[in-house]
Amino acid sequence: MKKSISLITIALILSFTLTGFDLSAQESFKIVRGKQDTVYTAQHFIVGVAPAGSLITVNGTPAKQYKTGSFGAELKLVQGDNTVNVNVLTGGKESTETFNVFFKLPVAQPAITDTVPFSGKVVVTKEGAYLNYGVGQDRLGGAKGNYIAEGIRMELLDSAQALYKVRLSENSYAFIPKFLVNHEPAGTKPPFSLTSSWSVSNAGNTDVVRVALEKRLPYTFFKEMEPNRIVIDIHGAACNSNWITQYLNLKMVDYVDYDQIAPDVFRVYIYLRDEFCWGYKVDYSGTSLVVTIKHTPAPAYKGALAGLTIGVDAGHGGPTSHGAVSPSGVREKDLNLAMTYMLKAELEKRGAKVVLSRPDDNDVAMSQRIKIFENANVDMMVSVHCNAGGNPLRPMGTSTYYKHIEYRELAKTVLERLVELDVNNFGLIGNFNFSLNSPTYWPNILVETMFMSSLPDEELISDPMFQRMMMNKTVKGLEDYMKKVKTSLKRGSKR
Ligand SMILES: [Zn+2]
């Protein structure tokens, strides 16, 4: 028996080169999900892996087995003890595992409160700081506002777990991770500044808007689609700008304007010419707020990928970050890496230059990935992942993600091509809190190809042929996007 199992294992490894499916000689099958002692929902999934061609029952009901060897069943638990019996028949040999799952109705957890009054204290931002809208938390942290430059002082208002509540202006506040600020000496005053002269100039591949201030002040910003403009609120600033120099050779910026929307909030408007945004950055140089807006890259006028520099990111990597692991043991990081090389080859065939953030099985920090793309001055970025979660017995499907509204069209265009593969459309997901969707500096999307945790999805995405089809569709989506860009450029500037 031992011999036939290992032969089947070899056959599986050959047909699914990336499968980690690996039963030890003593094991005839393995349960990878559903063996918890205590659960809080009646709907309960049992997922396992067994040699291909096994006959499997869970509590007497046959369970479907997929090509990967994975099998699964859904149970409706009763309150209290539930006996689960998994029976696997492989090549005439029968194995059984019986265990107990206790279903307990959930008990409401008391809210965690950690509020300490602060008065007159000031913190200053470190490199890489960002603002959160609130104290909400999810898998990827609470909803983020925007990155802000280092060296910005703000009055401390409160503390909530890992976040400080900080004042932006008289009537607005935000939250900031505690590890991203330093405390200023007692007696430090929060900053206030009058605005001074502006300049708007063409720096070659970018247009640059500079607003001179006396001190670095906190700012929040966003892009609007209609009207086509970038909006920046400088908190703690009052207008004293009586001089706005605007050069006539600007390419992306149409014109600039401002509004004093509150006594201490100065709002900057930057109206753009081209409908499609190629990225912008808000930062400080000394005490001047500097907004750098990328020009539409020259290759975009041809409506193709040739000549563009495209960042391609393989999710996870290294010894500790495997990402999701499928029931049969396929690791997400391995699939992601294999797919990024498929994507790279297809993009290069079309004349694009590709920059990889993770070229091998090493762990690369998110901040480092952003730096790699920034140093390469990428024109756009695609991050490749596989999803997990939800019902393991149903096809869950494919999805694309963006954070900033100006990159929604890119995510949508790629998704429209991916769903041509006749897979479930899990959706176009906006305002997504993924680190590589946070930069505004280049158009960026996350492609969550398929779900590792879904048995039918696992069967598809474990197959290198299908991986290649997904990456080819991604490239088709990027090509469609470039055609849309060309059409809009032909229509001419929008005002
Ligand atoms: Zn992932």
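Which elements do the buried residues of helix α4 pack against? In this predicted model, the buried residues of α4 pack against β29 (398-401), β30, β31 and α6. Helix α4 covers residues 408-418, and its buried residues are Leu410, Ala411, Thr413, Val414, Leu415 and Leu418. The report below begins with the whole chain and then turns to particular sites.

## The chain as a whole

The protein chain has six helices and 31 strands. Its C-alpha trace spans about 90 × 60 × 35 Å along the principal axes. The chain is divided into domain 1 (2-103), domain 2 (122-183), domain 3 (193-296) and domain 4 (300-488). Between the C-alpha centres of domain 2 and domain 4 there is a separation of 30 Å.

Of the 495 residues of the chain, 52% count as buried. Contacts between residues at least 6 apart in sequence can also be examined by their separation: 69% of them join residues at least 24 apart.

In soluble globular proteins, nonpolar side chains tend to be buried together. The largest nonpolar core of this model holds 86 residues, of which Val209, Tyr219, Ile232, Ile234, Ile270, Ile293 and Leu347 touch the most other members. Helix α6 (residues 464-491) gives the most to this core, with nine residues. A second, separate core has 18 residues, including Ile31, Ile46, Leu75 and Val84.

Ile270 may be considered as an example from the largest core. When its neighbours within four places in sequence are left aside, Ile270 is in contact with Val209, Asn228, Arg229, Ile230, Ile232, Val253, Tyr255, Val256, Val291 and Ile293.

## The zinc site

The zinc ion is coordinated by three residues, namely His316 through NE2, Glu332 through OE and His385 through ND1, at 2.1 to 2.2 Å. Along the chain, these donors follow the spacing H-x15-E-x52-H. Glu332 lies in helix α2 (residues 332-349) and His385 lies in strand β28 (residues 380-387), so the pair ties together parts that are 53 residues apart in sequence. Both Glu332 and His385 are buried.

## Aromatic rings and charges

The structure holds 15 aromatic pairs. Two of them are set out in the table.

| Aromatic pair | Centre to centre | Angle between planes | Arrangement |
|---|---|---|---|
| Trp198 and Phe266 | 6.0 Å | 75° | edge-to-face |
| Phe373 and Trp442 | 6.3 Å | 80° | edge-to-face |

The pair of Trp198 and Phe266 links distant parts of the chain: Trp198 belongs to strand β16 (residues 193-202) and Phe266 to strand β23 (residues 265-272), 68 residues apart. Trp198 and Phe266 are both buried.

The pair of Phe373 and Trp442 likewise links distant parts of the chain. Phe373 is in helix α3 (residues 366-375), whereas Trp442 is in the loop between β30 (425-429) and β31 (444-451), 69 residues apart. Phe373 and Trp442 are both buried.

Some rings form a group: Tyr219, Phe221, Tyr280 and Tyr284 make up one aromatic cluster. Tyr219 is also one of the residues that touch the most other members of the largest nonpolar core.

Charged side chains are found over rings as well. The charged end of Lys178 sits over the ring of Tyr164, 5.0 Å from its centre. Lys281 lies over the face of Tyr441, at 4.6 Å from the ring centre.

## Backbone features in loops

Most residues other than glycine have a negative phi, and most peptide bonds are trans.

Where is Pro227 found? Pro227 lies in the loop between β18 (219-224) and β19 (229-235). The peptide bond from Glu226 to Pro227 is cis, with omega near 0°.

Asp422 has a positive phi, near 60°, although it is a residue other than glycine. This residue is found in the loop between α4 and β30. Is Asp422 buried or exposed? Asp422 is exposed, because its relative accessible area is 73%, and the limit for an exposed residue is over 50%.

Asn431 also has a positive phi, near 50°, in a residue other than glycine. Asn431 lies in the loop between β30 and β31. With a relative accessibility of 48%, Asn431 counts as partly exposed.

How values were computed
Residues numbered from 1 in each chain as written. Predicted model: local features only at pLDDT ≥ 70, side-chain atom pairs only at ≥ 80, totals over all residues. Heavy atoms only, no water. Donors = N, O, S within 2.8 Å, 3.2 Å for Na, K, Ca; no water. Helix = DSSP H or I, 4+ residues; strand = E, 2+ residues; numbered from the N terminus. Buried < 20%, exposed > 50% of the residue type's maximum accessible area, 1.4 Å probe, protein only. Core = buried A, V, L, I, M, F, W, Y, C linked by side-chain atoms within 4.5 Å. Contact = heavy atoms within 4.5 Å. Phe/Tyr/Trp six-rings, centres within 6.5 Å; stacked < 30°, edge-to-face > 60°. Lys NZ or Arg CZ within 6 Å of the ring centre and 35° of its normal. Domains from an automatic or database assignment.
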